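Dear colleague,

Please find below the sequence and the structure that I am handing over to you. My findings follow directly after them.

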Amino acid sequence: MNFITCPRCGKECYRLFGSVCKDCFFETFKLIELPHVLHVRICSACGAYFHRSRWEDIGNIEDVVLKAVEDTLFIHNEAGDVEVYLEPREITPYIYRVRAEVDAVVREEPVHAEAETEVRIQRTACDMCSRESGGYFEAIIQIRAAGRFPTEEEKKRCMVIARESMDSMRKKGDRLAFISEIVEQKEGVDLYMGSMNASRQVCRLITSELGGNFSESPTLVGMKDGKNLYRVTFSVRLPEFRPGDVIRFRGKIIHIKSSGKKVNGTSLEDGSRFISTPEELKGAEKIGNMGNAVLTVLVSIEDNAILVLDPETYETVAIKKPMSFNAESGSEIPVLKTPYGIFALSHSEIPQAK
Ligand SMILES: [Zn+2]
Ligand SMILES: [Zn+2]
């Protein structure tokens with residue numbers, strides 16, 4: 001085997017690394033570089049990390065500390081098969097020490113390096129939290145109902161939908177997806193929202209679940225960087241009649257099945273399908289709700305009528321026989337008592353018979 005003489009130290013070796021022997025090469029080779037001190041800014045309220053000139057949600061403090069070290073740790077570009085091991089140690093809530101160990105292969109030689117750094121944490125308020133606490137809002141969502149006040153249940157559900165979608169949009173990176181204020185009123189709820197786009201999404205979710213519709217109207221509130229600055233009011237109108245409601249409309253008794261831009265239902269008298277619009281239904285009379293259906297005894301079945309016990313007076317009354325009817329005398333069937341009479345229901349029509 002041929003020996004080569006290192007031109008730097010004069011030692012004999014098998015091969016040269018660049019122009020010198022292995023020892024001379026690795027004497028000056030720096031696998032890693034890490035500053036002794038790192039400064040990171042995190043939000044004391046939400047824990048966001050100020051990173052590449054913007055605030056990001058990364059995780060808990062330890063995740064932020066490790067991310068800061070990973071981002072700063074310089075590894076020589078000749079290194080292959082790099083393995084990095086970081087060990088954080090909390091010294092105080094504001095200071096972490098992190099030891100970095102790196103294994104890599106450089107010019108077919110395994111190399112190991114270690115370094116340690118101190119991460120100093122500065123706690124401030126991020127853009128979002130300072131806006132949130134300052135009552136900042138881009139949009140107002142006004143939740144109302146047509147021809148009535150929203151129920152407590154509807155108001156609660158709207159607030160849950162808003163909070164849940166803000167959480168998920170924040171996780172996806174929309175840092176303005178927050179509710180800065182909720183004002184409950186007798187006629188509805190007003191939500192003051194940090195983000196206009198997030199607000200539109202909330203309106204879509206609310207109306208697709210609870211029915212109704214929404215409109216938006218911008219108001220000019222000033223100028224910023226030479227551009228008009230708008231605030232948008234979203235008006236959500238929950239439907240006058242909700243799924244489960246039973247209404248009397250043009251002499252027909254209708255069970256409302258869904259209520260959006262179109263209102264769908266079925267006739268309680270003959271089972272026929274019913275389609276209308278909220279505008280058309282203005283003036284219709286709500287006469288009951290499927291939630292108030294009760295079980296009663298079916299006394300007997302005749303050609304076009306059935307005899308049942310009135311659930312309140314226990315008198316036997318004759319009512320119209322529904323189109324598809326397969327119950328037997330003596331069994332219990334669900335009925336709904338309304339000011340316009342008692343209607344026999346099929347078991348599948350009611351949420352749960354009481
Ligand atoms: Zn040498
Ligand atoms: Zn924050």
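What covers the buried residues of α4? The cover includes the strands β11 (139-145), β12 (179-185), β13 (188-193) and β15 (227-238), together with the helix α5 (196-210). Please bear in mind throughout that this is a predicted model.

**Helix α4**

The buried residues of α4 are Glu-154, Lys-155, Cys-158, Met-159, Ile-161, Ala-162, Ser-165, Met-166 and Met-169. Because they cover an arc of only 160° around the axis, they lie on the same side of α4. The face turned away from that buried side carries the exposed residues Glu-153, Lys-156 and Lys-171.

The length of the helix can also be checked. Helix α4 comprises 20 residues (152-171), so at 1.5 Å a residue it should span 28 Å; the C-alpha atoms at its ends are 29 Å apart, which agrees. After α4 comes Gly-173, which has a positive phi, near 110°.

**The zinc site**

Which protein donors does the zinc ion (ligand 2) have? They are the SG atoms of Cys-43, Cys-46, Cys-126 and Cys-129, at 2.2 to 2.3 Å from the ion. The arrangement is tetrahedral, because the four donor atoms subtend angles of 105 to 112° around the zinc ion (ligand 2).

Along the chain, the donors of this ion have the spacing C-x2-C-x79-C-x2-C. Is Cys-43 buried or exposed? Its relative accessible area is 2%, so Cys-43 is buried. Cys-129 likewise counts as buried, since its relative accessibility is 12%, and the cut-off for that term is under 20%.

**Asp-270 and its contacts**

The loop between β18 (263-267) and β19 (273-276) contains Asp-270. With a relative accessible area of 38%, Asp-270 is partly exposed. Its side chain makes a polar contact of 2.9 Å with the side chain of Ser-267, and a polar contact of 2.9 Å also joins the side chains of Asp-270 and Ser-272.

How far apart in space are Asp-270 and Ser-259? From C-alpha to C-alpha the separation is 21 Å, while in sequence the two residues are eleven residues apart.

Yours sincerely

Notes: Residues are numbered from 1 along each chain as its sequence is written. Chains are lettered from A and ligands numbered from 1 in the order in which they are written. This is a predicted model: local features need pLDDT of at least 70, side-chain atom pairs count only at pLDDT 80 or more; totals for chains, interfaces and linings use all residues. Side-chain values use heavy atoms; hydrogens and water are left out. Helices (H or I, at least four residues) and strands (E, at least two) are DSSP runs, numbered from the N terminus. The expected span of a helix is 1.5 Å times one less than its number of residues. Buried means under 20% relative accessible area, exposed over 50%, partly exposed in between (1.4 Å probe, protein chains only). The arc is that of the directions from the helix axis to the C-beta atoms. Contact means heavy atoms within 4.5 Å. Donors are N, O and S atoms within 2.8 Å of the metal (3.2 Å for Na, K and Ca); water is not among the atoms, so sites may look incomplete. Four donors count as tetrahedral if all angles lie between 85 and 135 degrees; four count as square planar and six as octahedral if opposite donors are over 155 degrees apart and all others between 65 and 115; anything else is irregular. A polar contact is a pair of N or O atoms within 3.5 Å; within protein, one must be able to donate a hydrogen and the other to accept it, and residues adjacent in sequence count only if both atoms are side-chain atoms.
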